[in-house]
Amino acid sequence: MTLIEKLEKATGPSQELDAEIAIAVGVAPPSGEGGWWRCKKPNWQWKHAAHEPTTPPWEPARYTSSIDAALTLVPEGLDEEMKRARHRKGWRVNLWEPSRVGQSADAQTLPLALCIAALKARAYTESTPSPAATGKEQP
C-alpha cells in the first residue's frame with residue numbers, strides 16, 4: 001500500500017505516518033554509517049541503531065495532527081482551498097497552480113486532507129517538466 005493510500009484510510013493522527021511522510025519528503029535525518037533509524041515505541045522516538053547511546057532521538061513533525069506542519073508539505077506557488085465537506089469524508093483540500101492541473105483530497109481531518117493533497121501535488125510536480133524546462137511557455 002502506498003503512503004497516500006495509507007493516509008486516505010487513516011481516521012486520525014498517526015505518528016507512524018508522520019515518520020513515513022518525513023522520510024518520503026526527505027526531511028528525516030540521514031541514516032549515517034552502518035545504521036538505520038528505527039522506531040522506539042511507545043513514545044515514537046526514532047533511534048539510530050548503530051549509535052543508539054550517542055545519537056539523540058529524532059521525532060518527525062506532526063503532519064497528520066497539525067495544520068501548520070501539514071502546510072509545510074505544500075509545494076511553493078500553489079493556491080490552497082480548504083473546506084468542511086459534510087457530504088464527503090469531512091474535509092476537502094484543493095491545491096492548484098493557474099497553469100496546471102490541481103490536486104484534491106478528502107479526509108476525516110483537515111491535516112490528513114492537506115497531507116494527501118500535498119503529496120499528490122509533489123508527485124505530480126516531480127513527474128511533470130516545468131514549461132521553462134521544455135522551452136514551452138504557458139499562455
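This is a predicted model: local features need pLDDT of at least 70, side-chain atom pairs count only at pLDDT 80 or more; totals for chains, interfaces and linings use all residues.
Student: Why is Asp106 called buried?

Tutor: Its relative accessibility is 18%. The cut-off is under 20%. Asp106 therefore counts as buried.

Student: What is the partner of Asp106 in a salt bridge, and what makes the pair a salt bridge?

Tutor: The partner is Arg92. The closest N and O atoms are 2.8 Å apart. The limit is 4 Å, so the pair qualifies.

Student: What does the pair of Asp106 and Arg92 tie together?

Tutor: Asp106 lies in strand β5, residues 103-107, and Arg92 in strand β4. The pair therefore ties together parts that are 14 residues apart in sequence.

Student: Is Arg92 buried or exposed?

Tutor: Arg92 has 17% relative accessibility, so it counts as buried.

Student: How many salt bridges does the structure hold?

Tutor: It holds 3. One of them joins the side chains of Lys6 and Glu20, at 3.0 Å from N to O. Lys6 lies in helix α1 (residues 3-9) and Glu20 in helix α2, so this pair ties together parts that are 14 residues apart in sequence.

Student: Why are Lys6 and Glu20 called partly exposed?

Tutor: Lys6 has a relative accessible area of 30%. Glu20 has 25%. The class lies between 20% and 50%. Lys6 is therefore partly exposed, and so is Glu20.

Student: How do you know that Lys120 forms a salt bridge with Glu8?

Tutor: Their closest N and O atoms are 3.8 Å apart. The limit is within 4 Å, so the pair counts. It links distant parts of the chain: Lys120 is in helix α4 (residues 110-127) and Glu8 in helix α1, 112 residues apart.

Student: Now strand β4. Why is Gly90 called buried?

Tutor: Gly90 has a relative accessible area of 9%. That is under 20%, so the label is buried. Gly90 lies in β4, which covers residues 90-96.

Student: Which residues does Gly90 touch, leaving out those up to four places away in sequence?

Tutor: Lys83, Arg84, Ala85 and Ala107. Contact here requires heavy atoms within 4.5 Å.

Student: What about Trp96: why is it called partly exposed?

Tutor: Trp96 has a relative accessible area of 31%. It falls between 20% and 50%, so it is partly exposed. Trp96 also belongs to strand β4.

Student: Which residues is Trp96 in contact with, beyond four places in sequence?

Tutor: Leu78, Asp79, Glu80, Glu81 and Gly102. For Leu78, the C-alpha to C-alpha distance to Trp96 is 5.2 Å, at 18 residues apart in sequence.

Student: What makes a set of residues a nonpolar core?

Tutor: The members are buried residues of nonpolar types, joined through side-chain atoms within 4.5 Å. The largest such core has 28 residues. Leu7, Ile21, Tyr63, Leu73, Val93, Leu95 and Cys115 have the most contacts inside it.

Student: Which element supplies the largest share of this core?

Tutor: Helix α4, with 10 residues. At least two residues each come from α1, α2, α3, β4, β5 and α4.

Student: Which residues does Leu7 touch, apart from those up to four places away?

Tutor: Leu17, Ile21, Thr64, Leu112, Cys115, Ile116 and Leu119. Leu17 and Ile21 are among the buried residues of helix α2, residues 15-24.

Student: How many helices and strands does the protein chain have?

Tutor: It has 5 helices and 5 strands. Along the sequence the pattern is α-α-β-β-α-β-β-β-α-α. Of the 139 residues, 37% count as buried.

Student: Which elements have the lowest and the highest mean pLDDT?

Tutor: Helix α5 (residues 131-134) has the lowest, 48, and helix α3 (residues 67-71) the highest, 97. The chain averages 80, and 70% of the residues score at least 70.

Definitions and conventions. Residues are numbered from 1 along each chain as its sequence is written. Side-chain values use heavy atoms; hydrogens and water are left out. Helices (H or I, at least four residues) and strands (E, at least two) are DSSP runs, numbered from the N terminus. Buried means under 20% relative accessible area, exposed over 50%, partly exposed in between (1.4 Å probe, protein chains only). pLDDT is the predictor's confidence in each residue, from 0 to 100.
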